[in-house]
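Me: I'd like to learn how to read a chain-to-chain contact and a barrel. Can you walk me through the case shown here?

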Amino acid sequence: MAFVGGKQKGGWVIVVSIVLAFVLGIIPLPDWLEVWRPEWVALVLIYWVIALPHRIGLITAWIIGIAMDVLDGSLLGLNAIALIFITYIALNLYQRMRMFTPLQQCLTILMLIGSQQLLIFWVQTATSQNTPQNLMFVVSSISSALLWPLVFVLLRYWRRSLRVL
Amino acid sequence: MFADSRFNYLSQLRYYVTLVITPVHYLAELPGQGVSAMGSLFQTRHQLQTENVRLQEQILLQQYQLQKLEHLTVENRRLNELLQASSIVDERVVRTQLIGESSDPFTKRVLINKGESEGVYVGQPVLDAYGLMGQVVEVAPLTSWVLLITDPQSATPVQINRNGIRAIAAGTSDNLHLLTLNNMPNTADIQVGDVLVTSGLGQRFPEGYPVGVVNSISNDPGQPFSGVVVAPAAQIDRSRNLLLVFENRTSVSLADATNAEIVLEPAQASVETPAPAPEVTATAQPVDPVLNQEPASVLPDSAARAVVDVTQITPLQAVPQESTTATSELTTSSSAILSQPLTEAEILLQDGGAD
């Protein structure tokens, strides 16, 4: 609420990017690629948290998470709590993350998405849901970290050219 | 927040959010549809003609098979009436299309484009042209989620077509394309190539649909059970056109139901017992027994509760409202029947022991 006076523009850009991330997240992939599917929604969300921490926060993360749960048909709240978790960390880290070199950013993303996957795994186990038998579920954090520079550059270009404040 | 896993409060919320979010699935489908539309746009006249000829031949062949089938159906119904079978299952199928897949690589769920508005219900069997695909586990206004039979959380009551041995085909988390038969004794008469069909005992899948073919059998003397791997008959990963089965049970002369006939057709007889029994089975529909797991963990949402309901309604409450001629024998036998869906696993074990 510190920015009450400031004009908030370009909300549609954020919405469109999130919807695109949703689509990328459910688009059918071959089986061997499926475990490598990056966490598109989490990546886009982290970008917007770092770029616009005064607009994108925990409530946005929760709404996106609920939508993702419905989209996946997973337990309602599973992705929501995971996204809230990483959004909280990103909100605490955003000033540092803006200063990081790309490599440092990638490593941070690796840790963030990795902890998100672990949290999801933990909740799935606790609620006796379907759980993977091996550690392949953390693989998506690696692909997410590798794709982070691309997402970052694209979204930054988009944000600047469309003047999202 | 995780009330969803244990209770039903949030199903309404999920229902409405689904309504809003469904277009995203269609959006994700667009590229693939575009490609196939381009493909059909550039088909040559010759290709279409050859395809037409091939399809006409296929229709001819299938018409011929259909003629025989109609005769067999009538004959089967007559024989069933002779046996005084309690019900005749009249099935109607509705075509549906697959529009999405769960992005979780460790589950096997697909989204279909028919929902509550078309009368889809939780527990409804889904087929493709080759065999059983799975069952509906979640219904939204316009779409529904289908749990495929190869999902580790799914278990299908089956029987071997050749000799009628019953078993439970469950998905495994090691390989999401195959099924395994749980707790198959080492001495069971089962061979590679045996065709498995649904046994209808779980009261969820209708009887007689092909489930799979036995792929390999491993007998390890150190293990209590043999490992039987089954390849699903349905094209689990390829089919886009699916069939939803609507069951329509019509009862046949049950007024003078005898004890013996109930025992003859246990799975269906319990549906037809008067008074509260139909309710019981209506809620009991979703039961797919899995040996190693508690029922609640096998079934999603409402289904999990339904199981609890069944166990709470004791058969003794249900039976006295039946005909007054009910003897103590009848009570005991029907109590066995009512609890059957839950204890099919035990029956399976007994069967195995007998072999």
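Reply: Let's start with a term: a salt bridge is a side-chain nitrogen of Lys or Arg within 4 Å of a carboxyl oxygen of Asp or Glu. Some ground rules too: this is a predicted model, where local features need pLDDT of at least 70, side-chain atom pairs count only at pLDDT 80 or more, and totals for chains, interfaces and linings use all residues. Residues are numbered from 1 along each chain as its sequence is written, chains are lettered from A and ligands numbered from 1 in the order in which they are written, and side-chain values use heavy atoms, with hydrogens and water left out.

Me: How many salt bridges are there between chain B and chain A?
Reply: The count is zero. For polar contacts (N or O atoms within 3.5 Å, one able to donate a hydrogen and the other to accept it; residues adjacent in sequence count only if both atoms are side-chain atoms), there is one residue pair between chain B and chain A, both at pLDDT 80 or more.

Me: What area is buried between chain B and chain A?
Reply: Buried area is the accessible area (1.4 Å probe) that two parts lose on being put together, summed over both. Here that's about 2900 Å², with 65% from carbon and sulfur atoms. Contact means heavy atoms within 4.5 Å, and 36 residues from chain B and 37 residues from chain A take part.

Me: And the barrel: which strands close it, and in what order?
Reply: In general, strands of a sheet pair through backbone hydrogen bonds, either parallel or antiparallel. Strands are DSSP runs of E, at least two residues, numbered from the N terminus, and two of them pair if DSSP finds at least two bridges between them. In chain B, six strands close up in the order E6-E7-E8-E11-E10-E9, with antiparallel pairing.

Me: How many bridges join E10(B) to E11(B)?
Reply: Six, between residues 210-218 and residues 225-232. B:Ile217 sits opposite B:Val228, and B:Gly212 has B:Pro232 as its bridge partner.

Note on methods
Helices (H or I, at least four residues) and strands (E, at least two) are DSSP runs, numbered from the N terminus.
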